Amino acid sequence: MKKQTIDSRPAGPKPWYDPRIRSIFFQIVTLSLVFWAGWTLIENTLSNMESRGISTGFGFLDETAGFGIIMSLIPYDATMSYGRTFLVGLTNTLLVSAMGIVAATILGFILGVARLSSNWLVAKVALVYIEVIRNIPLLLQIFFWYFAVLSNLPSPRQSVDVGGAMFLNNRGLYLPEPVTQDGFGLVWGVLVVAIVAVVALRLWAKKRQLATGQIFPTFKVGLSALVLLPLLAYLVAGQPLTWDIPALKGFNFGGGITIIPELAALWIALSLYTASFIAEIVRSGILSVSKGQTEASKALGLPNSLTLRLVVIPQAMRVIIPPLTSQYLNLVKNSSLATAIGYPDLVAVFMGTTLNQTGQAVEVVAITMAVYLTISLLISLFMNIYNRAVAIKER
């Protein structure tokens, strides 16, 4: 009789005990629940809208809007469609966001450096500014600039006259508008060529410095090229540019470019408020750089300005960029507070007036949310690309 052998080898682990398989399973279940909840919500919403006789779809974008907008970067009048009002609100949002990002970045870097100044008065003034501005709600600051400052400017007939070409009053800032004529295309062409030449010069100068150690004055030469070459083309083309000077017509000014008080108040408040946070980010980035770097640069005889610009700031940017990106995103989203003072941004024009007139709440809100999401993702994408460019490259 043969003996029955028993396999004493341990059985292999069951799939359920594999962490990788468990994680995939739970992710599939979670994703299925999310899709189910979303589909149920959409189905219930459409069913309720249909029972109340509310139409769905995006056909309303082709209907006539029938209302005016106080500021538009693109041609617009009340006879145009709701789709046009969306574009007007979008461009106005992008305008104040771009202006705010530029101004807040410049002011924030200045204040961040000032916080670390060896001058006691400069450092304390910067500290007081940061602590005061960032601890006052942004909406109150917008109200302050709009109602307490800009609304108290003189009336149009008593406008502040700057050289007979610029006028400031409680209805806005009026600036001369450039009007191009035939031949100005040559100036644009030369400007593009100058920009390409400056970029090529910068790359050549960097390569030359790495090879020989000699520094080429790229900034001065590049700035001269960007100014002098288009100016020369402008003169050769016969000065194909005139100016539309604003003039008082009745009770208000006409002609030129108008910066309405709503835009000015929102831009100033967003810039000052965001700059106070950027200043602290810059300060922390500078402090993250080893003091040995500063001491080494001083030992080489570099002045403080060059030490800051060439040694400290480039290394600090690796720490500054990630939180700086968050501040840019906050600024764009905070621009939606424009509706509080009547600035015609995307929320005020499209999600406000357009939604009230059409009743297409789901479509309008979905479009508005998608726009802000897209803008935020694009800002994050560009900042991440720049962050990778300045990051330390590991071998």
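Strands 2 and 3 make a hairpin, with two residues between them. This comes from a predicted model. The pairing of strand 2 (residues 166-169) with strand 3 is antiparallel and runs over three bridges. Within that pairing, leucine 168 has leucine 173 of strand 3 as its bridge partner.

Strand 3 also has a partner in strand 8 (residues 257-259): the two run antiparallel and are joined by three bridges. Here tyrosine 174 sits opposite threonine 258 of strand 8. As for the side chains of strand 3 (residues 172-175), they alternate.

The largest nonpolar core counts 67 residues, and Leu266, Ile320, Tyr343 and Ile379 have the most contacts inside it. Seven helices can be named as each supplying at least two residues of this core: helix 2 (82-115), helix 3 (120-133), helix 4 (138-149), helix 7 (261-287), helix 9 (304-334), helix 10 (346-358) and helix 11 (361-390). Helix 7 gives the most, with 14 residues.

Take isoleucine 379 as an example from this core. Leaving aside residues up to four places away in sequence, isoleucine 379 touches Ile101, Tyr328, Leu329 and Val332.

Terms used: Residues numbered from 1 in each chain as written. Predicted model: local features only at pLDDT ≥ 70, side-chain atom pairs only at ≥ 80, totals over all residues. Heavy atoms only, no water. Buried < 20%, exposed > 50% of the residue type's maximum accessible area, 1.4 Å probe, protein only. Helix = DSSP H or I, 4+ residues; strand = E, 2+ residues; numbered from the N terminus. Pairing = 2+ DSSP bridges. Core = buried A, V, L, I, M, F, W, Y, C linked by side-chain atoms within 4.5 Å. Contact = heavy atoms within 4.5 Å.
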